[in-house]
Amino acid sequence: MIDILAESPRFVAATISRGAEAVAGNPYSGFNICPYTCDDTSHINQCRLALADELGISPEQIVMPRQTHSPNVKIIDGPAEIDTLLHIDALVTSCRNIAIGINTADCVPVLLIDETAGAIAAVHSGWRGTVANIVSNTIDSMQALGALPQRIRAFIGPCIHQCCFETGRDVADLFPAEFVFENKSAKPHVDLPGVVVRQLADAGVCRTNIAESPCCSRCNPMKYCSARASGVDSARTFSFILLKN
């Protein structure tokens with residue numbers, strides 16, 4: 001269930017796959033803890049409890065924002081309910097044993113850590129958030145906790161890749177030309193995670209400190225949630241980072 005992106009004695013960064021319980025044609029089968037996508041509350045609570053047990057924390061120590069594709073970032077100093085994190089698409093903290101995470105279904109999940117400063121972040125960077133450079137906003141907030149961009153490690157989880165991110169000309173024109181790929185018989189495709197990597201580097205993160213999942217969510221909807229494959233009313237992939245004691 002837990003796909004580890006990176007782990008050390010001090011932290012873990014991971015993405016939760018849909019798991020063996022996922023069933024073709026059932027957009028909510030498998031793992032889902034996103035509470036605003038019309039899934040059954042009992043199923044969400046069951047999944048949340050299972051993840052908390054796996055991490056050795058309480059369900060209240062799993063913290064996620066109510067995402068709206070905004071560029072807004074929030075620094076938290078402890079557990080927080082989702083209804084106190086409205087219109088937030090990235091979380092930053094220096095708290096131990098708090099799993100901060102975001103939900104995606106094709107958008108780009110970005111997990112950040114400066115181990116020296118003890119600062120972590122979880123970022124939801126969809127195409128709107130990417131255009132607004134939410135990762136740069138997040139790094140600015142991490143610096144308020146003592147982080148330095150050159151020390152930050154970044155982990156990009158499974159998301160939609162260039163092969164499947166077909167979009168209209170109006171959206172494609174919002175991105176640098178080198179990340180837009182023309183197709184004479186169809187709409188242009190955009191390398192969204194590629195743009196995020198560029199933004200991280202421009203914000204001062206060393207490229208050698210950026211790790212990117214090769215998995216396209218749209219190509220693998222039985223493993224990772226994909227709104228393009230299953231519709232907007234479907235489960236979400238949860239990506240999180242946690243500082244250990």
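Leaving aside neighbours within four places in sequence, which residues is leucine 112 in contact with? Among them are Ala119, Ile120, Thr138, Met142, Ala154, Leu200 and Ile241, where contact means heavy atoms within 4.5 Å.

A word on the ground rules. This is a predicted model, with local features needing pLDDT of at least 70 and side-chain atom pairs pLDDT 80 or more, while totals for chains, interfaces and linings use all residues. Numbering runs from 1 along each chain as its sequence is written, and side-chain values use heavy atoms, without hydrogens and water.

Back to Leu112: together with Val110, Met142, Ile156 and Leu200, it touches the most other members of the largest nonpolar core, a set of 33 residues. Such a core joins buried Ala, Val, Leu, Ile, Met, Phe, Trp, Tyr and Cys residues through side-chain atoms within 4.5 Å; buried means under 20% relative accessible area with a 1.4 Å probe, counting protein chains only. Elements giving two or more residues to this core include β7 (108-114), β8 (119-125), α3 (134-143) and α5 (192-202), and α5 supplies the largest share, 5 residues. A second, separate core has 19 residues, including Ala6, Ala13, Leu91 and Ile100.

Now zoom out. The protein has 6 helices and 13 strands, taken as DSSP runs (H or I, at least four residues, for helices; E, at least two, for strands) and numbered from the N terminus. Its C-alpha trace spans about 55 × 45 × 30 Å along the principal axes, and buried residues make up 51% of the 245 residues.

Technical notes. Buried < 20%, exposed > 50% of the residue type's maximum accessible area, 1.4 Å probe, protein only.
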